[in-house]
Amino acid sequence: MTEGLSMYASYGGALGAVYALLVMVFVQSLVAAVAHRAQKSYVPGIVDESLGPESFVFRSHRTFMNSIENVPFMIGLVILAAMTGFDAFWLALLSWAYVGGRLAHMITYYLVGTRKNPSLRSYFFIFAFLAQLVLMVMLGLSWL
């Protein structure tokens, strides 16, 4: 048990970011479920293919699916970094930068329905992606 507390003491900042990511994805699943069920022609598990970015149902679904596609990789990197003794400051900084980018991506996707590419949400996606990339490279270099 002391080992777990020691790991939390060292990596509490990064683990807090992982917790924030998990809460964010959970909230996204709730928002998508509520939006989906509010439709007149609701079919469980099926999002109407004719919907586009103008529809909040589409945007809430895509926000959730985008997180399902991207967040697990970041959580894996954070766990791997913590288990191998990666610098706790950099891990927390990059983890929270990722959370900030994902949060801004989520909010922007909810509020702005556009077909423009790149859109404002794309820049927040890129910011989070770059935080993830920097962590991956720094982690890899730390093993050399």
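Trainee: Where is confidence lowest in the chain, and where is it highest?
Mentor: Lowest in helix 1, at a mean of 88, and highest in helix 3, at 97. The score is pLDDT, the predictor's confidence in each residue, from 0 to 100. This is a predicted model, where local features need pLDDT of at least 70, side-chain atom pairs count only at pLDDT 80 or more, and totals for chains, interfaces and linings use all residues. Residues are numbered from 1 along each chain as its sequence is written, and side-chain values use heavy atoms, with hydrogens and water left out.

Trainee: And what is the mean pLDDT of the chain?
Mentor: The mean is 91. Of its residues, 94% reach 70 or more.

Trainee: OK, fold. How many helices and strands are there?
Mentor: Four helices, zero strands. The order from the N terminus is α-α-α-α. Helices (H or I, at least four residues) and strands (E, at least two) are DSSP runs, numbered from the N terminus.

Trainee: What box do the C-alpha atoms fill?
Mentor: Roughly 55 × 35 × 20 Å, taken along the principal axes.

Trainee: How do helix 2 and helix 3 pack?
Mentor: At an angle of about 175°, with axes 10 Å apart. They are therefore roughly antiparallel to each other. The contact between them has 13 nonpolar residues, seven polar and three charged. On terms: axes are lines fitted to C-alpha atoms, for helices over the stretch in contact, and angles run from 0 to 180 degrees between N-to-C directions. Under 35 degrees counts as roughly parallel, over 145 as roughly antiparallel, 65 to 115 as roughly perpendicular, and the rest as oblique. Ala, Val, Leu, Ile, Met, Phe, Trp, Tyr, Cys and Pro count as nonpolar, Asp, Glu, Lys and Arg as charged, and the others, Gly among them, as polar.

Trainee: Now the core. How many residues are in the largest nonpolar core?
Mentor: It has 25 residues. Those with the most contacts inside it are Leu 21, Met 74, Val 78, Leu 91, Tyr 98 and Leu 135. A nonpolar core is a set of buried Ala, Val, Leu, Ile, Met, Phe, Trp, Tyr and Cys residues joined through side-chain atoms within 4.5 Å.

Trainee: Which elements give two or more residues to this core?
Mentor: Helix 1 (2-37), helix 2 (56-83), helix 3 (88-111) and helix 4 (120-142).

Trainee: Take Val 78. Buried or exposed?
Mentor: Val 78 has 2% relative accessibility, so it counts as buried. Buried means under 20% relative accessible area, exposed over 50%, partly exposed in between (1.4 Å probe, protein chains only). Val 78 is found in helix 2. Beyond four places in sequence, Val 78 is in contact with Ala 14, Val 18, Leu 91, Ser 95 and Leu 135. Contact means heavy atoms within 4.5 Å.

Trainee: What does Leu 91 touch?
Mentor: Skip its neighbours within four places. Leu 91 then has contacts with Tyr 11, Ala 14, Val 78, Ala 81, Ala 82, Phe 86 and Leu 135.

Trainee: What about Ser 67, buried or exposed?
Mentor: Buried, with a relative accessible area of 2%. Ser 67 is found in helix 2. Leaving out residues within four places in sequence, Ser 67 contacts Val 25, Gln 28, Pro 72 and Arg 102.

Trainee: And where is Met 106?
Mentor: In helix 3. Met 106 counts as buried, at 9% relative accessibility. Residues up to four places away aside, Met 106 touches Met 24, Gln 28 and Thr 63. Met 106 and Gln 28 are 78 residues apart in sequence, yet 8.2 Å apart in space, C-alpha to C-alpha.

Trainee: How does Leu 15 count at 32% relative accessibility?
Mentor: Leu 15 counts as partly exposed. Leu 15 is found in helix 1.

Trainee: Last topic, the backbone. Which peptide bond is cis?
Mentor: The one from Asn 117 to Pro 118, with omega near 5°. Pro 118 is found in the loop between helix 3 and helix 4. Most peptide bonds are trans.
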